[in-house]
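This report covers a chain interface, pockets and some backbone geometry. The sequence and structure come next.

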Amino acid sequence: MTLLVSVFAALTCTAIWYKNAPKNEMKVGVLCWLFWGSSLMWFIDACFEYAELGAEYFTPAPVDMLNDFFLGMSVVALGMLIWLAILLVSDPKGALKSVLFQKK
Amino acid sequence: MACFLVPAAEAAVTTIAAKAMKSKERGLPVHKVAVGSGFEDVEAIPFSKKLNWLSKLLWGGSALLCFEHVWHGEVVPFFPFLTAASDPAEAAVMLDEMASVGGSMALFLTGAWAVMLFAAHKIQKKALYPQLSAK
């Protein structure tokens with residue numbers, strides 16, 4: 001479930017990135033790297049788990065599914081926090097500067 | 001248990017390598033590319049930038065997987081940071097998992113990056129030498 005949530009987040013971010021490319025004012029590319037990186041890593045994790053459990057891997061207990069979904073959503077929230085921090089620190093549109101420094 | 005440490009270590013190496021390459025790179029050759037009805041002067045992407053793609057992929061994945069390990073109580077904010085490291089038997093299992101799962105993750109991400117490089121090369125070639133790709 002965590003892998004699935006991460007993959008959907010990666011696909012959504014990539015679509016948004018492509019829609020606005022080559023402009024990168026919102027730094028959506030950061031989210032793409034974060035979610036694709038974690039998706040690929042969780043895919044390998046899933047492969048190892050599948051090799052261990054077999055078909056049982058696809059029939060998790062509802063409680064495990066809910067916990068994994070909760071983890072997936074928390075991962076998306078953390079990814080977005082990292083993105084927001086990078087966006088505000090780099091401030092590509094100069095929005096923060098204009099708020100903090102008023103013209104005379 | 002601590003599989004994300006292997007891709008994180010690779011990320012550190014690629015970040016340093018990309019920075020070292022960037023400092024040595026000189027001006028790249030400029031090419032004319034057909035855009036719409038006109039032409040545009042473009043530079044090919046330097047290898048340091050391509051290596052940076054791999055760094056971002058590895059750092060991004062490692063950061064979110066680190067969070068997953070914190071979630072499962074495998075990484076803690078106090079010494080020895082990895083719960084499995086406090087018990088020798090568990091530490092052996094952890095090292096084995098790092099070698100198998102972590103190593104596979106690092107290899108898979110590097111493979112995905114290699115596919116990206118190949119695709120980027122094909123797109124560049126098509127844009128720079130359209131007459132070659134038409135044959």
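Where is the place of A:Asp91 in chain A? A:Asp91 is in the loop between α3 and α4 (95-100) of chain A, where helices (H or I, at least four residues) and strands (E, at least two) are DSSP runs numbered from the N terminus.

## Basis

This is a predicted model, in which local features need pLDDT of at least 70 and side-chain atom pairs count only at pLDDT 80 or more, while totals for chains, interfaces and linings use all residues. Residues are numbered from 1 along each chain as its sequence is written, chains are lettered from A and ligands numbered from 1 in the order in which they are written, and side-chain values use heavy atoms, with hydrogens and water left out.

## Backbone geometry

The phi of A:Asp91 is near 45°, a positive value in a residue other than glycine. Most residues other than glycine have a negative phi, and most peptide bonds are trans.

In chain A, the bond from A:Ala21 to A:Pro22 is cis, with omega near 5°, and A:Pro22 sits in the loop between α1 and α2 of chain A. In chain B, the bond from B:Phe79 to B:Pro80 is cis, with omega near 5°; B:Pro80 belongs to the loop between α2 and α3 of chain B.

## Interface of chains A and B

Contact (heavy atoms within 4.5 Å) involves 22 residues from chain B and 21 residues from chain A. About 2,000 Å² is buried between the two chains, and carbon and sulfur atoms give 86% of that area. Buried area is the accessible area (1.4 Å probe) that two parts lose on being put together, summed over both. B:Leu64, B:Trp71 and B:Phe108 supply 32% of the area that chain B buries against chain A, more than any other three residues.

There are zero salt bridges between chain B and chain A, a salt bridge being a side-chain nitrogen of Lys or Arg within 4 Å of a carboxyl oxygen of Asp or Glu. On the side of chain B that touches chain A, the elements giving two or more residues are α2 (47-71) and α3 (88-128) of chain B. α2(B) gives the most, with 11 residues. By class, this side has 14 nonpolar, six polar and two charged residues; Ala, Val, Leu, Ile, Met, Phe, Trp, Tyr, Cys and Pro count as nonpolar, Asp, Glu, Lys and Arg as charged, and the others, Gly among them, as polar.

## Pockets

A pocket is an open set of points on a 1 Å grid over the protein atoms alone, where a 1.4 Å probe fits, with protein on both sides within 12 Å along at least five of seven lines; lining residues have an atom within 4 Å of a point. Grid points are joined across faces, edges and corners, and a volume is the space filled by probe spheres set on the points. The largest pocket holds about 1,800 Å³ of space. Its lining has 43 residues, of which A:Trp17, A:Trp33, B:Lys49, B:Trp53 and B:Lys56 lie nearest its centre. α2(B) gives the most to this lining, with eight residues, and the lining divides into 27 nonpolar, eight polar and eight charged residues.

The second largest pocket has a volume of about 910 Å³. It is lined by 31 residues, and A:Asp45, A:Glu49, A:Tyr57, A:Asp68 and B:Glu68 are the closest to its centre. α2(A) provides the largest share of this lining, seven residues. The lining of the second largest pocket comprises 16 nonpolar, five polar and 10 charged residues.
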